[in-house]
Amino acid sequence: MKNKKLATVILCVLSTCTVILSSCSKKQNEPVKEKPVEEKKLILGFSQIGSESAWRTRNTQSIYEAAAENDIQIIFDDAQQKQENQLKAIRSFIVYQVDVIAFVPIVEDGWDNVLTEAKEAGIPVILVDRQINADPSLYAGFLGEDGVEEGRRAARYLVNKCKDRHGSINIYEMAGTENSSVVRDRANGFREVIADDPKFKIIHSEDGDFLRSRGKEIAENLITQSSKKDGLYFNGQKIDAVYSHNDSMTLGMLDSLENYGVHTNDTIIISVDAEQKSIDALTAGKLNCVVECNPNLGPMLMELVKQIAGGYSIPFITYNSETVFTESDDFSLYQPRGY
């Protein structure tokens, strides 16, 4: 009986050992599950020129929103309208070793050295909104508006509006920041179209630096110098049309017209940007035409950032889609601009 019990105990022990050994063998043969390696977040160094208008603010917001949606980290710098601030920012992005640099160049010239530094560091650069005079091999591409076409659209509206008018059409131009590509392009596109008809004459072009305060100041000077209430005058010549390079300057001009009680019912006023306030002025009959410059560049920029960070080339020029708003539109079809 004792021998039987002893045999039973031995059998149980051997059985247990077999199970344990089998379990250990299985664990040894099973592949070890490694923890997934987290992908490194792309880092974009972005230098904005400032926050001088609702358009610029929306442009920055669009880029932040798109970066969040694409899980891209942004190191942001506000240049406050100074090129030297942008140069410092770009150099700090290089030191930080961001994956891509994007910036809105305040002016066209003076970028070769810093772009060479970025290239030597192996960091691709994308221009946003404005272009530059530099060796094209120093940057990957440009994303923004077609400024020449915006100027053409403004001029086409004016030409069509005045097709049955005889005599000279005196045009006063409020231009943006001096030496910026968008000023050159909007001016050239406008002149290209009106050049076909000698009745269109630009009697003066004034630098308004894209600022509402400057638009207000320019209009105030015109009003006080003429002391007339039936429109705007420059050196004794009545202004038939105003071509403003952006909404901020246009809205500043409207401020002065209202403050001084000047009536411009027979003055054609054309603006560029299409902020909500300028669209409101259009529907109120204070403007005749607003050429859109679309600030919502964020989604397109992030696609370019991902593409180039992945080692792929990007188009050298990418234009955003834009339209034109005029006094002849069905205003009930307008959607809120959001900026």
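Student: Hi! Which residues form a nonpolar patch on the surface here?

Tutor: Phe316, Ile317 and Tyr319 do, with about 270 Å² of accessible area together. A patch takes residues with over 30% relative accessible area and no salt bridge, joining like charges within 9 Å and nonpolar side chains (Val, Leu, Ile, Met, Phe, Trp, Tyr) within 5 Å. Accessible areas come from the Shrake-Rupley method with a 1.4 Å probe, and for residues only the protein chains shown count as cover.

Student: Good to know. What kind of model is this?

Tutor: It is a predicted model, where local features need pLDDT of at least 70 and side-chain atom pairs count only at pLDDT 80 or more, while totals for chains, interfaces and linings use all residues. Residues are numbered from 1 along each chain as its sequence is written, and side-chain values use heavy atoms, with hydrogens and water left out.

Student: Back to the patch, then. Where is Phe316 found?

Tutor: Phe316 is in the loop between α10 (298-309) and β13 (317-319). Those labels are DSSP runs numbered from the N terminus: helices are H or I with at least four residues, strands are E with at least two.

Student: And why does Phe316 count as partly exposed?

Tutor: Because its relative accessibility is 37%. Buried means under 20% relative accessible area, exposed means over 50%, and partly exposed is in between (1.4 Å probe, protein chains only).

Student: New topic: helices! How do the axes of α3 and α4 cross?

Tutor: The axes of α3 (residues 83-96) and α4 (residues 112-120) come within 10 Å and cross at roughly 10°. So α3 is roughly parallel to α4. Axes are lines fitted to C-alpha atoms, for helices over the stretch in contact, and angles run from 0 to 180 degrees between N-to-C directions. Angles under 35 degrees count as roughly parallel, over 145 as roughly antiparallel, 65 to 115 as roughly perpendicular, and the rest as oblique.

Student: Which residues make the contact?

Tutor: Leu87, Ile90, Arg91 and Ile94 of α3 make it with Asn113, Val114, Glu117 and Ala118 of α4. Contact here means heavy atoms within 4.5 Å.

Student: What about charges? How many salt bridges does the structure hold?

Tutor: The structure holds 24. A salt bridge is a side-chain nitrogen of Lys or Arg within 4 Å of a carboxyl oxygen of Asp or Glu. Side chains of opposite charge can pair when their charged atoms come close.

Student: Which residue does Asp240 pair with?

Tutor: Asp240 pairs with Arg165, with the closest N and O atoms 3.7 Å apart. The two are 75 residues apart and link distant parts of the chain: Asp240 is in the loop between β9 and β10 (241-244), and Arg165 is in the loop between α5 (147-161) and β6 (169-175). Asp240 is buried at 13%, whereas Arg165 is partly exposed at 32%.

Student: And where do Arg214 and Glu217 lie?

Tutor: Both are in helix α7, three residues apart, about one turn of the helix.

Student: Which residues are linked in a network of salt bridges?

Tutor: Glu149, Arg152, Arg153, Arg156 and Glu192.

Student: Last one: what is the phi of Ser227?

Tutor: Phi of Ser227 is near 60°, a positive value in a residue other than glycine. Ser227 is in the loop between α7 (212-226) and β8 (233-234), and it counts as exposed at 62% relative accessibility.
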